[in-house]
Amino acid sequence: MTVETDGGDPTVTAAAAADTASDTEEALIEEGEIAGDYLEQLLDVLDFDGDIDLDVEGDRAVVSIDGGKDLSKLVGRRGEVLDALQELTRLAVQQATGVRSRLMLDVAGWRANRRSELSALGIEAAKRVLETGEREALSPMTPFERKIVHDAVATLDGVVSESEGVEPSRRVVVLPA
C-alpha cells in the first residue's frame, strides 16, 4: 500500500492509515489466538485449570490466564517462571507467524498487581527526592519493572529517572530535575 505524504488527498491518507491500523490489530489478535492455543495445550499437559483471556493493548497482544488453583506455580519466585513462559509463548507465536512477538503474558493477575506496586514505588521515591533534593537508587529490577517505574516517575514534575548498572543488577535511580 502506498501512502502519499506530500500533497496527497487527506481522505486517502486517512483511509490508508486506518487500513494499516486495522491490519496491525488483526495481526495482534492472531498472535493472541496462537498464544492462547499454545497455552491451552500447555495447561492440559500440566493438568492445570485456567481461563485464557485475549486482548490487545496498544501495540501488543495481551494474554491472561486466570481462575485456576495452583497458577502461582506458573508465576514462580519474583515472576521468573512467568517470564520464561512468556518467552516460550513468544517463540511459539514466532514459529507460527514468522514474526517476532512482543506479546505480554499475565498469570493470576501477577503482572497487573506488580505494575501497580511498581508505579506506587516510583511515585513514592519521586516524592522523597522532591522533598530531600537527593537522588534515590532503587533495588535491581528487570527491564519490564524498570519501564513501569520510569513511566510513574515521569508523571511528576521536578524529578527524572534513569537506569544504571549492568544486568542483573541494573536499577532505577530517581534524581531531581
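The model is predicted, so local features need pLDDT of at least 70 and side-chain atom pairs count only at pLDDT 80 or more, while totals for chains, interfaces and linings use all residues. Residues are numbered from 1 along each chain as its sequence is written, and side-chain values use heavy atoms, with hydrogens and water left out. The chain averages a pLDDT of 89, and 88% of the residues score at least 70; pLDDT is the predictor's confidence in each residue, from 0 to 100. Over residues 1-6 the pLDDT is below 50, and beyond near neighbours in sequence this stretch has 6 contacts in the model (a contact means heavy atoms within 4.5 Å).

**Helix H4**

- Helix H4 covers residues 143-153 and is largely enclosed by the rest of the structure, because 8 of its 11 residues are buried. Buried means under 20% relative accessible area, exposed means over 50%, and partly exposed lies in between (1.4 Å probe, protein chains only). Helices (H or I, at least four residues) and strands (E, at least two) are DSSP runs, numbered from the N terminus.
- The buried set in H4 consists of Phe 144, Glu 145, Arg 146, Ile 148, Val 149, His 150, Ala 152 and Val 153.
- These residues pack against helix H3 (110-132) and against strands E3 (104-107), E4 (136-140), E5 (159-164) and E6 (171-176).

**Helix H3**

- The 23 residues of H3 should span 33 Å at 1.5 Å a residue, and the end C-alpha atoms are 33 Å apart, which agrees. The expected span is 1.5 Å times one less than the number of residues.
- Buried in H3 are Arg 111, Arg 114, Leu 118, Gly 122, Ala 125, Ala 126 and Val 129.
- The cover over these buried residues includes H2, E3, E4, H4, E5 and E6.
- After H3 comes Gly 133, with a positive phi near 75°.

**Salt bridges**

- Side chains of opposite charge can pair when their charged atoms come close. A search of the whole structure finds 12 salt bridges, each a side-chain nitrogen of Lys or Arg within 4 Å of a carboxyl oxygen of Asp or Glu.
- Arg 111 and Asp 83 form one of them, at 3.0 Å from N to O. This pair links distant parts of the chain, with Arg 111 in helix H3 and Asp 83 in helix H2 (residues 80-97), 28 residues apart. Arg 111 counts as buried at 3% relative accessibility, whereas Asp 83 is partly exposed at 32%.
- Arg 146 forms a salt bridge with Glu 167, their closest N and O atoms being 2.8 Å apart. The pair joins helix H4 to the loop between E5 and E6, across 21 residues. Arg 146 is buried at 8%, and Glu 167 is partly exposed at 40%.
- Glu 87 and Arg 90 meet in a salt bridge at 3.8 Å, N to O. Both lie in helix H2, 3 residues apart, about one turn of the helix.
- A network of salt bridges links Arg 78, Arg 114, Glu 117 and Glu 145.

**The largest pocket**

- The largest pocket holds about 310 Å³ of space. Of its 14 lining residues, the closest to the centre are Arg 60, Arg 90, Met 104, Pro 143 and Phe 144.
- On a 1 Å grid over the protein atoms alone, a pocket is an open set of points where a 1.4 Å probe fits, with protein on both sides within 12 Å along at least five of seven lines, and lining residues have an atom within 4 Å of a point. Grid points are joined across faces, edges and corners, and the volume is the space filled by probe spheres set on the points.
- H2, H3 and H4 each supply at least two lining residues, and H4 gives the most, with 5.
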